[in-house]
Amino acid sequence: MSKVTVYTSNTCPYCTMAKDYLKDREVAFEEKNVQTDKEARQELMAMGYTGVPVICVDDEQIVGFDKARLDELLK
């Protein structure tokens, strides 16, 4: 099974859509809220991103909620 991490914020509607989609597909994931978790924010910035959602599936990073790319990676 893939390791999935979702970087989110409290006010991001695409983050909510991504989390709901993963839950509907019964995909286990770790949520890292960059708004409330300083360490998560630093991790995200170290990857070169400042916006959310960023979804990491194993070593792949998806910027934004890209359902087709998620489906491809989670086969």
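Analyst: A salt bridge here is a side-chain nitrogen of Lys or Arg within 4 Å of a carboxyl oxygen of Asp or Glu. Please note that the model is predicted.

User: How many salt bridges does the structure hold?

Analyst: The structure holds 5 salt bridges. One of them joins the side chains of Glu 72 and Arg 69, with an N to O distance of 2.4 Å.

User: Where do Glu 72 and Arg 69 lie?

Analyst: Both are in helix 3, 3 residues apart, which is about one turn of the helix. Glu 72 is partly exposed at 49% relative accessibility, and Arg 69 is also partly exposed, at 25%. Salt bridges with shared partners join Glu 60, Arg 69 and Glu 72 into one network.

User: And Asp 71, which side chain does it meet in a salt bridge?

Analyst: Asp 71 meets Arg 25, at 2.9 Å from N to O. This pair links distant parts of the chain, 46 residues apart: Asp 71 belongs to helix 3 (residues 67-73), whereas Arg 25 sits in the loop between helix 1 (13-24) and strand 2 (30-33). Asp 71 has a relative accessible area of 28% and is partly exposed; Arg 25 is partly exposed too, at 34%.

User: What about Lys 32 and Glu 43, how do their side chains meet?

Analyst: They form a salt bridge with an N to O distance of 2.8 Å. Lys 32 lies in strand 2 and Glu 43 in helix 2 (residues 38-46), so this contact ties together parts that are 11 residues apart in sequence.

User: Is Lys 32 buried or exposed?

Analyst: Lys 32 is buried, because its relative accessible area is 16% and buried means under 20%.

User: Changing topic: in which sense do strand 3 and strand 4 pair?

Analyst: Strand 3 (residues 54-57) and strand 4 (residues 60-63) pair in the antiparallel sense, over 4 bridges.

User: Which residue is the bridge partner of Ile 55?

Analyst: The bridge partner of Ile 55 is Ile 62, in strand 4.

User: And what lies between those two strands in the hairpin?

Analyst: The hairpin of strand 3 and strand 4 has 2 residues between the strands, and Asp 58 in this hairpin takes a positive phi near 55 degrees.

Definitions and conventions. Residues are numbered from 1 along each chain as its sequence is written. This is a predicted model: local features need pLDDT of at least 70, side-chain atom pairs count only at pLDDT 80 or more; totals for chains, interfaces and linings use all residues. Side-chain values use heavy atoms; hydrogens and water are left out. Two strands pair if DSSP finds at least two bridges between them. Buried means under 20% relative accessible area, exposed over 50%, partly exposed in between (1.4 Å probe, protein chains only).
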